[in-house]
Amino acid sequence: MPVAITALSFRIRPLLAALCLGAAALTAAPAQARGPEGIADVAEKVIDAVVNISTTQTVEAKSAPSEGNSAKPNLPPGSPFEEFFEDFFKNRRGEKGGGPRKTNSLGSGFIVDTAGIAVTNNHVIADADEINLIMNDGTKIKAELVGVDKKTDLAVLKFKPPANKPLVAVKFGDSDKLRLGEWVVAIGNPFSLGGTVTAGIVSARNRDINSGPYDSYIQTDAAINRGNSGGPLFNLDGEVIGVNTLIISPSGGSIGIGFAVPSKTVVGVVDQLRQFGELRRGWLGVRIQQVTDEIAESLNIKPARGALVAGIDDKGPAKPAGIEPGDVVVKFDGKDVKEPKDLSRVVADTAVGKTVDVVIIRKGKEETKQVTLGRLDDGAKPQPASAKSQPEPEKPVTQKALGLDLAALSKDLRGRYKIKDSVKGVVVVGVDNGSDAAEKRLSAGDVIVEVAQEAVTSAADIKKRVDQVKKDGKKSVLLLVSNGAGELRFVALSLQ
């Protein structure tokens, strides 16, 4: 079975058969191998602030499975799961499809304010008709949704504190101060078993697993499983330094690779959701891409770093500030930008309307621009994809350069490749197989707008610029390329 990245909420269904297989002999590990003694103190201090999140939603019923797939596991007499499976399979044999039914799911959460505020994952409560918090002593309280942020998978809930029952709330710690190998404690509701404490270490920080635009997870080997979603990850001071969200596993169970949203991100999201009921992220108004070694060499940037501006939104804050395509952002509001993700995160975390200094590299020299941030529209529609070429009987006059067949833009070519009138440059009508251009995914219908940061209008312009770059001793040439819709990107092609 392939390895999968799995959200940790747990929909009630038969427990894994592995839970009921034979027992293996266990040898007690030395005390020092089980971690520091302070783990017990942390668990005792915070356990009452951790809650189970139970949700109910209406779904369309599925047809009952065949008897061959419904065999009840062979459980030892007196097993704590015997009654659970007995009830489950009795209900399953009588189940009929064809109409809506209620289904339950379980996750975890934690109280951050004794006035009645809790935090969990968005996917734990998504599409829920009813949300309930179950305290450590079994008290069940109905909760309401304050707001969610899908991009960080976080949600804030509010509830009415029970009378004559003091609540325990936990505080956030500073996830930026975490060190590799530092001990952490996870508490949650794995497989609906109730408050469960596990411990491990910080395996990695700032982990990007391509699950969202602001990935910067804490990776831990503390055992977390389905049902742990939304539960807290504590340091040994009893502070929340992360929210357990995802695991990598071939089976859905813990193999020691879990991920938590860092508290630095959580604090900002929770504050905004409590204040506004939504996220208000900063917006720079640029499209960015990675600065590869080839691009860095073309732009005289050593070492390769920063976020390359590939396009500017005409209505965005970057344009009036003087930021242009081809600029490389290396610092934003005093914070270093080593790669595009760094810029995305720091801009999103900056207050809307704040004026910040943005340090860019333009033609090998650093410049500072002042930008007043706008507000990101998270509901923006995805930009259209590149148009596919359509066959045309008449062949245009072409010239060869860089493994490309190039032609001047004409009305016929604009129509064939659906290129907007606003796009200017030289159109690609063919790409040599095996060329660097093919490897960099240039294709017919792309338009070369600039070569070595100078505009081109003909194949002759391109050849002239390429020859000059070769004379300057460069190993690659930087192209600014547009698709038919006008979306820009930079591509560095080898000259060797």
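Modeller: Lysine 363 sits in the loop that runs between β20 (355-362) and β21 (365-372). The model is a predicted one.

Biologist: Why is lysine 363 called exposed?

Modeller: Its relative accessible area is 61%, and exposed means over 50%, so lysine 363 counts as exposed.

Biologist: What is said of the phi of lysine 363?

Modeller: Phi is positive there, about 55°, although lysine 363 is not a glycine. Leucine 402 also is not a glycine and has a positive phi, of about 60°. Leucine 402 is found in the loop between β23 and β24 (404-408).

Biologist: Why is leucine 402 called partly exposed?

Modeller: Leucine 402 has a relative accessible area of 23%. Buried would need under 20% and exposed over 50%, so leucine 402 is partly exposed.

Biologist: What makes aspartate 137 and lysine 165 a salt bridge?

Modeller: Their closest N and O atoms are 2.6 Å apart, and the rule asks for a nitrogen within 4 Å of a carboxyl oxygen. The pair therefore qualifies as a salt bridge.

Biologist: Why is this pair said to tie together parts of the chain?

Modeller: Aspartate 137 is in the loop between β6 (130-134) and β7 (140-149), while lysine 165 is in the loop between β8 (154-159) and β9 (183-188), so the parts joined are 28 residues apart in sequence.

Biologist: How do you know that aspartate 446 and arginine 489 form a salt bridge?

Modeller: The closest N and O atoms of aspartate 446 and arginine 489 are 3.3 Å apart. The cut-off is within 4 Å, so the pair is a salt bridge. Aspartate 446 is in the loop between α9 and β26 (447-451) and arginine 489 is in strand β29 (residues 488-494), so this pair ties parts 43 residues apart in sequence.

Biologist: Is aspartate 446 buried or exposed?

Modeller: Its relative accessibility is 4%, and buried means under 20%, so aspartate 446 is buried. Arginine 489, at 26%, is partly exposed.

Biologist: What makes aspartate 432 and lysine 400 a salt bridge?

Modeller: The N to O distance is 2.5 Å, and the limit is 4 Å, so the side chains of aspartate 432 and lysine 400 meet the rule. The pair links aspartate 432, in the loop between β25 (426-431) and α9 (436-439), to lysine 400 in strand β23 (residues 399-401), 32 residues apart.

Biologist: How many salt bridges does the rule give?

Modeller: The count comes to 21.

Methods
Residues numbered from 1 in each chain as written. Predicted model: local features only at pLDDT ≥ 70, side-chain atom pairs only at ≥ 80, totals over all residues. Heavy atoms only, no water. Helix = DSSP H or I, 4+ residues; strand = E, 2+ residues; numbered from the N terminus. Buried < 20%, exposed > 50% of the residue type's maximum accessible area, 1.4 Å probe, protein only.
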